[in-house]
Amino acid sequence: MPREDRRLGAILLRAGRVHAEQVTEAAELQKMRHKRIGEVLMELGYVEEDHVLEALGEQFGIPFDREVGSEIDAALIARVPIGFIREHKMAPFMKNGQGYLVAVHDPLNLMPLDDLRLLLDAPVKPVLCRASAIQTILDTYFDRQGETATDMIETITLAEGDAEGRPGGEVSDRDLLDLANEAPIIKLINLMISGAIKERASDIHIEPFERQVVARYRIDGVLYEKFQVPKSQQAAVVSRIKIMADLNIAEQRLPQDGRIKIKLSGKEIDIRVSIVPVQHGERVVMRILEKGSFLLGLEQLGMAREDFQRMDRLLRTSHGILLVTGPTGSGKSTTLYSALQRVLSPDINVITVEDPVEYQMAGVGQIEVRPKIGLTFANALRSILRQDPDVILVGEIRDLETAEMAIHASLTGHLVFSTLHTNDSAGAITRLVNMGIEPFLVTSSTIAILAQRLVRKLCPKCKQPTMVDAESLRELGPRAEEFRTQTVQKAVGCEACQQRGYYGRTGIFELLPMTPAIQELTLGGADSNIIKRESRKAGVRSLRDDGTRKVLDGVTTIEEVLRVTRDDTLVDLPD
């Protein structure tokens, strides 16, 4: 077989996974991103990980098994140093005759197999697997340690009750710095963070009350209480977090913000720390951001096909503002980065201004605002316009000055992405006008507004069919008729989703293009409700309508859609 037919792109073409144009596009981007072509094709959303692994298996003559991780010999894994698994992304997971099967994610890195053969004193056979399978193996390794934050708290509680006959709960008079650096406290915080990451939590909340300190994880947008920290350890726990975030442990009267950088299972984790004094101590919130986490493609966000196609066309516009709106935690940043990834190519200059930089993207100039030294959104925007950008991402339009600079950039031939905190797409128009932007500037610069929310997805392993209850039908209003004869899915709960009934999240969207009719209403000073009514006439799907579609498709529940779209109402007005 000719050499070129053994290339990954050619194998994927033969398998019908990609088109020649897509391979050519990925090859061009590969020069700028310095990644393998399979990774670039996945980032572009043209292929899935399994497709690339199947092709790599054919290319290197190694079988690909998508079931690796479902059965793991924990005792076998424990014979291999954890550092080896992390570094080489390979680990033995099952006995195979006289030898062992070895999970391998990178077929270009097979040299360490010789080390495994010597270590296990047996033949080894590589099996290609997903990256998630290696992570499952690492999790199994850690599970063998058998200790959680709850176990650590029990140990601390028993120890403090025995120490010098002092009852648990009494605040120690020892030096705070000594307490914060004690091994049990260090271990407790480490277990708290690693447990949160393992459970896919986005935030850790440590909340002091009169007689207890409660730790909660935010998982898929909902807070769950995980354990209670002894009140006597409250100061030590907060001080330990302050030390890790390089904050002042002596300052307990003022709010403080910091950042922690750690490594866990070979992944870099960035944790933003916020500490605020409240009545019974200091309240801590830690936002967990995984560096280099895989960015979703635009088509993976959950948009309806017609909305995705319209959005894709808008991204090919040479200039204008595309706004994404929604409350905090509604996935706006992820959507903006997915859009940015869609337009990124070697022949354009992309610059972002963010607070903070949440995702690191190769080939993009990313600026983090620093208000303390005068580097605000508006000042940064003013400077980067001299950098000859084609596409600009502004993390958030917070004030009139930033809004004016973004509009100026869009009117001078730049494509601008940004976010606003409004309930729906129509509200973004009136928000800009209320900020002080002239209506004619809003209509001439804005190309579209995308409102969004995140809903929890039903766990695919335990969801069950059900009929819609009468109360939910009443809340749905005019949409209720769609459900009267429909069977939908309900959340149940199983071991895979930790009895929650949900696993992961997806978006619901409302895409409002700046049509001539919307422009006319904006210039006439119409309020958001009139604009919203006109958009419905034009066929724009509302947030609740899009959520309804996902309920009928068995993706989520009516309760979830109602929870995040309480404000998606339309007041009846006379024609």
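Buried means under 20% relative accessible area, exposed means over 50%, and partly exposed lies in between (1.4 Å probe, protein chains only). Keep that handy for the exercises below. The model is predicted, so local features need pLDDT of at least 70 and side-chain atom pairs count only at pLDDT 80 or more, while totals for chains, interfaces and linings use all residues. Residues are numbered from 1 along each chain as its sequence is written, and side-chain values use heavy atoms, with hydrogens and water left out.

**Exercise 1. Get the overall picture: state how many helices and strands the protein has, and what share of it is buried.**

Step 1: Helices (H or I, at least four residues) and strands (E, at least two) are DSSP runs, numbered from the N terminus. That gives 23 helices and 18 strands.

Step 2: Of the 575 residues, 48% are buried.

Step 3: Take contact as heavy atoms within 4.5 Å. Among contacts with a separation of 6 or more, 64% join residues 24 or more positions apart.

**Exercise 2. Find the aromatic pair and describe its geometry.**

Step 1: Rings of Phe, Tyr and Trp (its six-membered ring) pair if their centres lie within 6.5 Å; planes under 30 degrees apart are stacked, over 60 edge-to-face, and the rest tilted. By this rule there is 1 aromatic pair.

Step 2: The partners are Tyr217 and Phe227, edge-to-face, with 6.3 Å from centre to centre and 90° between the planes.

Step 3: Tyr217 belongs to strand E5 (residues 213–219) and Phe227 to strand E6 (residues 222–229), 10 residues apart.

Step 4: Tyr217 and Phe227 are both buried.

**Exercise 3. Which rings have the charged end of Arg200 or Arg456 over them?**

Step 1: The test asks for NZ of Lys or CZ of Arg within 6 Å of the ring centre and within 35 degrees of the ring normal.

Step 2: Arg200 sits over Tyr503, with its charged end 4.0 Å from the ring centre. Arg456 lies over the face of Tyr502, 4.1 Å from the centre of that ring.

**Exercise 4. Work out the layout of the sheet that holds E1, E2 and E3.**

Step 1: Two strands pair if DSSP finds at least two bridges between them. The sheet is open, has 3 strands in the order E1-E2-E3, and its pairing is mixed.

Step 2: Strand E1 (90–96) and strand E3 (124–128) are the edges, each pairing on one side only.

Step 3: E1 pairs with strand E2 (residues 99–104) in the antiparallel sense over 6 bridges. Met94 stands opposite Leu101, and Pro92 has Val102 as its bridge partner.

Step 4: E1 and E2 make a hairpin with 2 residues between them, and Gly97 in the turn has a positive phi of about 65°.

Step 5: Axes are lines fitted to C-alpha atoms, for helices over the stretch in contact, with angles from 0 to 180 degrees between N-to-C directions. Helix H7 (residues 112–120) lies across E1, E2 and E3, at about 50° to E1.

**Exercise 5. How many residues of helix H12 are buried, and what follows the helix?**

Step 1: In H12 (residues 234–244), 8 of the 11 residues are buried, among them Val237, Val238 and Ile241.

Step 2: After H12 comes Asp246, whose phi is positive, near 60°.
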